[in-house]
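Subject: Structure handover

Hello,

Please find the structure below. Notes on what was found in it follow.

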Amino acid sequence: MLFREAKPEDQIRDESALRQAVGDAVGSVPVFDIHTHLFPFSFERLCKWGIDDLLTYHYLVAELFRSCEISPKAFFDMPEPRQADLIWRKLFVENPPLSEATAGVCTVLAKLGLDPRAKTLDEAREFFADVDPHEHLEVVLELAGVSDLAMTNDPLDDQEALYWQSDSFVDPRFHAVIRLDPILCQWETSWRKLEARGYKVDAEASEQAVDEVHRFLDSWSGRLQPRYLAVSLPPDFAYPDDSPRTRLLEGAVLHVCRELDVPLALMVGVRRGVNPELGLAGDGVGWADVSAIERLCARWPENRFLATLLALENQHQLLVASRKFANLMPFGCWWFVNNPSTIESITRLRFEMLGATFIPQHSDARVLEQLIYKWDHSRRVVAEALFASFRQLQHAGWFPTKAEIESVVRRLFQGNARGMLCLDQIQAPLSVEVRPAMSQVSDDRPKA
Ligand code: HDL
Ligand code: ZN
């Protein structure tokens, strides 16, 4: 909804005033984080937080092996605190933390009032040993400016299923998402887990097996109330084809999405286990066939699809596809494109091709405090891209008001996600503690 009665005196004609208004709006909008791997504290060891979990994040583990002779096996045999000490020494003390993932840890420490140049982890460990987890959660969500976050839940994971079955408390800001990788990507092994749970399934994914998967998803949807269903898919994902995946999609998953009135999130382009020795850090990227997504959108026009692609080279194709199918919502700059330079280029292109009809970012956070850096870094970059689009409007003679800028920002960071997930829109005005305005950010940049 735009503000037709935008008074001339409210229209921003000046570049620096525009930069300030965009920076303030993006810096202060609470965010609906539509994809994370976080869990509530009540899920105990599934909930990752604190300095040792931050430093043994698989992004940093992958980077360690490029700066240290240790073998993956020797590293993984070490207890986690020793792993963290080694990563700290190699990537933060002996070398400047130049990568996005290392700089992110510095942002987290600095925002928490800790020294990112400390020689050891003693100060950080002392800090985290003293925090009350529930107060700490509020501090982290406030610093990150996150109002809500979507989890990644796997009902076929026995450990996680136990927490759901014991009705462990789930903070209402943590929204469940049923992740379908075991069913849609590992059917050859997962069907046995379903069978062990009492479902009449088989290796071929027969019609009966597909019906049983529908029953399984109905049952767990009742317990989790998922906001969407999600699956990560390999680069060679094809649709339709004669695989169990197509039968399960068409016979169960897409019907469950309709019954629940929730979208299916397609996360395409991951090559699992390119280097299996590295564990979670061993996955790679491949170019996806976006026409498979187009066919899903075309054949299931009543369904809504979220989509994020892992290859930088696929981003433009996804935006063209999104222009063809209004039931397709691009979201986030996923994993290997979740870096300031790629976030900027992708987001600029998204504004140019879709206006404000996309979800600019998700954190993908695996460790609670990562929310702080992933949103701090992304807000700055998205603000730059949004400024460029509004600046273009000024050149075109259309001068936005502060209220119109705030309305666009609310749509990007809350409204589009809530609309896709059929959640109530947060009523304006929205703001959390205002962060550095663009003008301060732009001063950070090297002078041309
Ligand atoms: O499949 C996914 O959801 C990915 O985000 C993986 O979890 C990946 O390991 C990751 O953490 N990326 O940020
Ligand atoms: Zn993820």
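How far is an oxygen atom of ligand 1 from an N or O atom in the side chain of Arg366? The distance is 2.6 Å, where a polar contact is a pair of N or O atoms within 3.5 Å (within protein, one must be able to donate a hydrogen and the other to accept it, and residues adjacent in sequence count only if both atoms are side-chain atoms). Taken alone, ligand 1 exposes 320 Å², and the protein buries 98% of that; accessible areas come from the Shrake-Rupley method with a 1.4 Å probe.

This is a predicted model, in which local features need pLDDT of at least 70 and side-chain atom pairs count only at pLDDT 80 or more, while totals for chains, interfaces and linings use all residues. Residues are numbered from 1 along each chain as its sequence is written, chains are lettered from A and ligands numbered from 1 in the order in which they are written, and side-chain values use heavy atoms, with hydrogens and water left out.

Ligand 1

The residues around ligand 1 include Tyr57, Arg179, Met267 and Trp334 (a heavy atom within 4 Å). By class, this shell has five nonpolar, three polar and four charged residues; Met, Trp and Tyr are among those counted as nonpolar, Asp, Glu, Lys and Arg count as charged, and Gly is among the polar ones.

Zinc ion

The zinc ion is ligand 2, and its protein donors are His35 (NE2), His37 (NE2) and Asp364 (OD), at 2.0 to 2.1 Å. Donors are N, O and S atoms within 2.8 Å of the metal (3.2 Å for Na, K and Ca); water is not among the atoms, so sites may look incomplete. Along the chain the donors follow the spacing H-x1-H-x326-D. His37 and Asp364 are 327 residues apart and link distant parts of the chain.

Backbone

Most residues other than glycine have a negative phi, and most peptide bonds are trans. Ala205 has a positive phi, near 55 degrees. A cis peptide bond joins Tyr239 and Pro240, with omega about -10 degrees.

Regards

Conventions
Helices (H or I, at least four residues) and strands (E, at least two) are DSSP runs, numbered from the N terminus.
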